[in-house]
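Hello,

Here is the structure for you to look over. My notes follow below it.

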Amino acid sequence: MITPILKRQHLDPKTLANYRPISNLRTIGKIMEKVAVARLDNHLRLNGVLHPLQSAYRRYSSTETAALQVTSEWRKALDTGHVVCVASLEISAAFDTVNHPTLLSRLIQAGVVGRAYKWIGSYLSDRKTVVKRGECPPECLKGQY
């Protein structure tokens with residue numbers, strides 16, 4: 001079930017792009033997700049699949065570590081007389097638009113095969129979502145996709 005939440009209070013609530021889709025998993029789903037993430041992270045780390053400077057979704061890394069890395073590189077460049085040019089993109093919705101076949105293809109390239117691949121594939125296939133509007137309880141949304 002997706003609950004649309006306004007990204008910022010000052011945004012127009014009539015514009016759909018101003019909402020962030022919040023999905024709440026059941027407890028068992030959260031547990032399974034944590035186990036899967038831990039095992040996938042371990043596999044990717046042990047097999048050197050991830051770029052060493054990738055900060056997102058990695059243990060002991062965050063947006064802060066990424067910002068520190070970039071700032072450090074800029075300072076080094078400026079200290080040696082180089083010019084620094086920065087372009088910034090807002091990609092907050094990028095994860096919501098991940099193409100599932102492409103993701104599955106990348107998992108194969110990363111060596112995720114067999115039962116693990118089939119399990120992730122089954123999790124991504126035939127998914128249905130329901131958007132909760134107002135205070136409507138889940139029962140009133142059954143069958144509306």
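**What was found**

Start with contacts (heavy atoms within 4.5 Å). Among those in the protein chain between residues at least 6 apart in sequence, 31% join residues at least 24 apart.

A word on the source. This is a predicted model, where local features need pLDDT of at least 70, side-chain atom pairs count only at pLDDT 80 or more, and totals for chains, interfaces and linings use all residues. Residues are numbered from 1 along each chain as its sequence is written, and side-chain values use heavy atoms, with hydrogens and water left out.

The protein chain has four helices and two strands. These are DSSP runs, numbered from the N terminus: helices are H or I, at least four residues, and strands are E, at least two. The order from the N terminus is β-β-α-α-α-α.

Of the 145 residues, 13% count as buried. Buried means under 20% relative accessible area, exposed over 50%, and partly exposed in between (1.4 Å probe, protein chains only).

Asn-18 sits in the loop between strand S1 (2–6) and strand S2 (19–23). Asn-18 is buried, at 15% relative accessible area. Leaving out residues up to four places away in sequence, Asn-18 touches Ile-5, Leu-6, Lys-7, Leu-11 and Asp-12.

Val-35 lies in helix H1. Why is Val-35 not counted as buried or exposed? Because its relative accessible area is 47%, Val-35 is partly exposed.

The protein chain exposes about 12500 Å² (Shrake-Rupley method, 1.4 Å probe; for residues, only the protein chains shown count as cover). Carbon and sulfur atoms supply 58% of that area.

Best wishes
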